[in-house]
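My entries follow the order in which I looked things up.

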Amino acid sequence: MITVALNEANFEYDIHSLVKAFYPEYEVLVRAVCETEEESERQKWKLEEFHKQVLQADIHLEVEYKKDAIAFSFLKPVILKGEISIDPSDRKETKNRLKQKLYEMLAEFSGRTLPWGTLTGIRPTKIPMAMLEEGQPEDEIRTYMRETYFATDEKIDLSIQVAKREMELLSRIDYENGYSLYIGIPFCPTTCLYCSFTSYPISVWKKRVDEYLDALCREIVYTAKRFRGKYLNAVYIGGGTPTSLEPEQLERLITVIGESFGLFDGQKRIVYGGHLLEFTVEAGRPDSITAEKLEVLRRHNISRISINPQTMKEETLQLIGRRHTVEQTRESFALARDMGFDNINMDLIVGLPEENLDDVRRTMAAVADLAPDNVTVHSLAVKRAARLRMERENYTHLHMVNTWETIDLTARCCRDMGLSPYYLYRQKNMAGNFENVGYAAPGKAGVYNILIMEEKQTIMALGAGATTKVVYDHGNRIERVGNVKDLANYLARVDEMIEKKEELLARVGL
């Protein structure tokens, strides 16, 4: 365990993220220990508990905020001290200087460095994109990222490359008058060990799926009417596993979307080339895919699908609860290709339990044999709602490791497949200082993936557990409104979910 004591509550998240990046294998506790008379009994008890944890900690660090300086002290297992001067009125510069000094001390203390340097709580592409939009030359961007964030040249080049590609793809988007649509299908064949998404076993809820679609269609019809006169740029049906639905249920859902938003031609095929750029259905689990379901998607001219194995190692699939085989992945992919799908994504996860570099190398070789149009490589991030965390005592025997050697391997393999990086993001609870990267063949990049990351456009999100992001004030402000996650609750309160959206949209003038 690593404990960090602060003399005031300030920059806790930044400190926690940076310490965790250096020591992903440790639990990191960060707490302000300034005692006041006004503190409740519970707060005093929590403080006493923290002091006990400090005594048990493997590493202990203290951060002292002064009037115009910040002092750092590693007190356990060895003493290491440092201090920086600050201008408290400049919060951004204060945070940068704090993280720079903390990074230098952690690097000295641990004997290691991080490819992304001090960049922890930010999308890596946000910085170069903003600077490129201002017209700043790439050399200045590289110098700024190197000196401010201590990022390596390799990661700076990656962030600039992705930023430039995102800007090119987003140049077709009308942020003021456009919006995108997310439809959540919260059913799966099984729940994976690491999953924290809103997901329910289809076997348990099978008899209520049509009831769920009834509620979802209410949200769809409301949204189509509310945004009449606006331009729909991208549609993404995710989950869960959308292909958990039966063919006739998929047919019903896509028909309601197509007719409500005016996306169909006379043969009920989705029409692209105007404002609508893509329509993605996350087919996801190979064990949920059938020829009949793919035929529904193909008949309606769905432009992009995902078939997501996560790994091509049989033992891992069983361990994480996927309940499908590697051969089923190959068969589902071949079936989709034979039916004419020419933009297929595959999601992979590195850092899965009991997998090593050779396992990832074999997975990448198996994926290369299939030649997908997109590959998204995720670094395992175990969130609070995942079984792997909630029931951690049952999984302490599992060995999970991710390395930069693994990340570099996946990048080389994707390049060898003719795929280039087009979006990049990082997330909380991701072990180490790693990243998630989407790679795509020319002309096959997923526009929705960029929109959800860059938060430049309103995304209306419908279904249980879905969170709508409303972007307004010329892109300067974002507000969110979420639907309840509990499925029975959503079914009973769908009209309330619609009212919450309406209240937000009316308040911000959309």
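**Entry 1: two helix pairs**

I began with helix α13 (residues 357-370) and helix α15 (residues 404-416), which pack at an angle of about 15° with their axes 10 Å apart. This is a predicted model, where local features need pLDDT of at least 70, side-chain atom pairs count only at pLDDT 80 or more, and totals for chains, interfaces and linings use all residues. Residues are numbered from 1 along each chain as its sequence is written, and side-chain values use heavy atoms, with hydrogens and water left out.

I noted how helices and strands are assigned: they are DSSP runs, helices being H or I of at least four residues and strands E of at least two, numbered from the N terminus. Axes are lines fitted to C-alpha atoms, for helices over the stretch in contact, and angles run from 0 to 180 degrees between N-to-C directions.

How do α13 and α15 lie to each other, roughly parallel or roughly antiparallel? They are roughly parallel. Angles under 35 degrees count as roughly parallel, over 145 as roughly antiparallel, 65 to 115 as roughly perpendicular and the rest as oblique. The crossing of α13 and α15 is right-handed. A crossing is right-handed if the near helix is turned clockwise from the far one by less than a right angle, and left-handed if anticlockwise.

I then listed the residues that make the contact. From α13 they are Leu357, Val360, Arg361 and Met364. From α15 they are Glu405, Thr406, Leu409, Thr410, Cys413 and Cys414. Contact means heavy atoms within 4.5 Å.

Next I looked at helix α4 (residues 126-133) and helix α5 (residues 138-149). Their axes come within 10 Å and cross at roughly 145°. The crossing of α4 and α5 is right-handed. On the α4 side, Ile127, Pro128, Met131 and Leu132 make the contact. On the α5 side I found Glu138, Glu140, Ile141, Tyr144, Met145 and Tyr149.

**Entry 2: an open sheet**

In what order do the strands of the open sheet run? I read β2-β1-β3-β4-β5, 5 strands with mixed pairing. Two strands pair if DSSP finds at least two bridges between them. β2 (28-32) and β5 (80-85) stand at the edges with a single partner strand each, so one side of each has no neighbour in the sheet. On average, neighbouring strands here are turned by 15° against each other, direction ignored.

I followed β4 (residues 69-76) to β5: 6 bridges join them, and they run antiparallel. Phe72 stands opposite Gly82 in β5. Helix α1 (residues 12-22) packs on the sheet and touches β1 (2-6), β2 and β3 (59-65). The direction of α1 makes about 155° with that of β2. Helix α3 (residues 91-110) also packs on the sheet, touching β3, β4 and β5. The direction of α3 makes about 160° with that of β5.

The loop between β4 and β5 holds Pro77. A cis peptide bond joins Lys76 and Pro77, with omega about 5°.

Is Asn233 buried or exposed? Asn233 is buried, at a relative accessible area of 2%. Buried means under 20% relative accessible area, exposed over 50%, and partly exposed in between (1.4 Å probe, protein chains only). Asn233 sits in strand β9 (residues 231-239). Its side chain reaches the backbone oxygen of His275 at 3.0 Å. Leaving aside neighbours within four places in sequence, Asn233 is in contact with several residues, including Ile173, Asp174, Tyr179, Leu276 and Gln457.

I found Tyr422 in strand β14 (residues 420-425). Tyr422 is buried, with a relative accessible area of 0%. A polar atom of the Tyr422 side chain lies 3.2 Å from the backbone nitrogen of Gly446.

The peptide bond from Gly239 to Gly240 is cis, with omega near 20°. Gly240 is in the loop between β9 and α9 (247-260).

Gln310 has phi near 70°, a positive value in a residue other than glycine. I placed Gln310 in the loop between β11 (304-307) and α11 (314-320). Gln310 is buried, with a relative accessible area of 10%.

Phi of Glu354 is also positive, near 70°. Glu354 lies in the loop between β12 (344-350) and α13. Glu354 is partly exposed, at a relative accessible area of 38%.

Technical notes. Polar contact = N/O pair within 3.5 Å; in protein donor to acceptor, adjacent residues only side chain to side chain.
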